[in-house]
Amino acid sequence: MFGKRAIGSVSTQVVGPRVAAGGVASEQPKAPPAPAAPVQAERRSETYFQTKSLIFGALIEAIDLAALSKLDADSAREEIRDIVHEIVTIKNLVLSIAEQEDLLDDICNDVLGFGPLEPLLARDDIADIMVNGPTRCFIEVGGKIQLTNVRFRDASQLMNICQRIVSQVGRRVDESSPICDARLLDGSRVNVIAPPLAIDGAALTIRKFKKDKLTLDQLVKFGTISPAGAEILKIIGHVRCNVIISGGTGSGKTTLLNCLTNYIDLDERIITCEDAAELQLQQPHVVRLETRPANLEGVGQITMRDLVKNCLRMRPERIIVGEVRGPEAFDLLQAMNTGHDGSMGTLHANSPREALSRIESMITMGGYALPMKTIREMMTSSIDVIVQASRLRDGSRRITHITEVLGMEGDVVITQDLFVYELLGEDAQGKIIGRHRSTGIGRPKFWDRARMYGEEARLAAALDISEVSAA
């Protein structure tokens, strides 16, 4: 039927379209809806899904998948368009031009991409996509979670799309390995947890990154940090201070880490270690490393600690750890304290003081029988600055602390805040009102380091401006 013509596909994403067959509901593939009202967007009827399933089944029978894999996306889409028109004509289906276009977009997404997720992935205003089983999909827009009308045909189709996503980076998710961390080709972070652990069907979470990389200047416009605070962060990134970025889930730690790396000199050799590669460094001399889970036999796992230890043999000038979660904290501190100035990492904590406590806990988890005072002395000699990022209850993200680690007094780690964010209240719309305030520190601990890099005058000017604006 229809000649099994020489038709093409874009890439290895064609893997398993037969498994993915079936009606898939897609949110408006044409113009993305306004962020405020995705729930009220046009809903697909059951008749639409039945018609789409009928056309999709006929398309899979008619199409030559081997030939499809040889064409680029545009050519494949045009070929699929022609065949869908023929199927509609032969089966005497009554569809308007608009309905045919919607069906065509949905079917092309099923065959060439990630099905009903494609319209959501194309929108740049979405920060997170959360799929809770085949019938419910939520998105985060502007810091608020909203329900969409996206749905999948059934649990098997959702599972097939999850497998298609993780297979792009050489990982797998199934009943024997139901938890998987992966990434999209643009660096967006992906987590999948599949049945039997996920009771109501596979749960897929995608942390999307904007197509245009954010900078500190843009964060200033968003109110995330004050201009003087941003200037000090630029200096901290440039003069090779060892930095820990602390914050809760979704507070913008990775975004801030990306921003700080913009101020690293172009001639420095940087090595990044991540569970799922998502950092977007623009320097020419970057080596990106990624952990690897165990294979089916339970062997071959490469942990973050393995990567950090191996970094030390690769002549790094800076080591950047995407997220510190366990015993690799000890190796990162060792690297910071042995000539790899300017190293950076992120971790989950609610305040700079709690970040130090978490590092202690993670080192202890590694089985090191070190006195607590020794661990704290190692932290104070390794970490220069802790930057705290927070997500407020109205969904906005703010840098709430820029804190220096000064040293020890007895058994206590001494810190001093350079900048803090003060909450002043909220307006009638529920938006948080606050301000970034300098604490009045006129000579931070890294002053001498700034002078070595010729940034002394710039640092003094930023501190002066912040004191005047806080007055």
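Two strands are taken to pair if DSSP finds at least two bridges between them. In the predicted model described here, strand S7 and strand S11 (residues 344–348) meet this criterion, pairing in the parallel sense over five bridges. Within that pairing, Val243 has Met344 of S11 as its bridge partner. S7 also pairs with strand S12 (residues 385–391), again in the parallel sense and over five bridges. Here Val243 stands opposite Val385 of S12.

The burial of S7 was examined next. Five of the five residues of S7 are buried, so the strand is largely enclosed by the rest of the structure. Val243, Ile245 and Gly247 point one way from the strand, while Ile244 and Ser246 point the other way.

The search of the whole structure returned one cavity of 30 Å³ or more, and the space in the largest cavity amounts to about 30 Å³. By class, the lining comprises six nonpolar residues, with no polar and no charged ones.

The second largest pocket holds about 540 Å³ of space. Its lining is made up of 22 residues, and those nearest the centre of the pocket are Arg171, Arg292, Pro293, Ala294 and Gln301. Strand S4 (residues 179–183) gives the most to this lining, contributing three residues. Sorted by class, the lining of the second largest pocket has eight nonpolar, six polar and eight charged residues.

Cysteine pairing was then considered. A disulfide is a covalent bond between the sulfur atoms of two cysteines. The search of the whole structure finds zero disulfides. Cys180 is in no disulfide, and the nearest cysteine sulfur, in Cys162, lies 9.5 Å away. Cys180 counts as buried because its relative accessibility is 5%, under the 20% cut-off. For Cys273, the closest cysteine sulfur is that of Cys311, at 3.2 Å. This separation is too far for a bond, because a disulfide requires the two sulfur atoms to be within 2.5 Å. Cys273 is buried as well, with a relative accessible area of 0%.

Most residues other than glycine have a negative phi, and most peptide bonds are trans. A cis peptide bond joins Pro195 and Pro196, with omega at about 10°. Pro196 belongs to the loop between strand S5 (189–193) and strand S6 (203–207).

Positive phi values were found at two arginines, Arg240 and Arg315. Phi of Arg240 is near 65°, and this residue sits in the loop between helix H8 (227–238) and strand S7 (243–247). Arg240 counts as buried, its relative accessibility being 13%. Phi of Arg315 is near 50°. Arg315 is located in the loop between helix H10 (304–311) and strand S10 (318–321). With a relative accessibility of 57%, Arg315 counts as exposed, whereas Arg240 is buried.

Note on methods. Residues numbered from 1 in each chain as written. Predicted model: local features only at pLDDT ≥ 70, side-chain atom pairs only at ≥ 80, totals over all residues. Heavy atoms only, no water. Buried < 20%, exposed > 50% of the residue type's maximum accessible area, 1.4 Å probe, protein only. 1 Å grid on protein atoms, 1.4 Å probe; cavity = no way out; pocket = protein on both sides within 12 Å on 5 of 7 lines; lining within 4 Å. Points joined across faces, edges and corners; volume = space filled by probe spheres on them. Helix = DSSP H or I, 4+ residues; strand = E, 2+ residues; numbered from the N terminus. Nonpolar A, V, L, I, M, F, W, Y, C, P; charged D, E, K, R; others polar.
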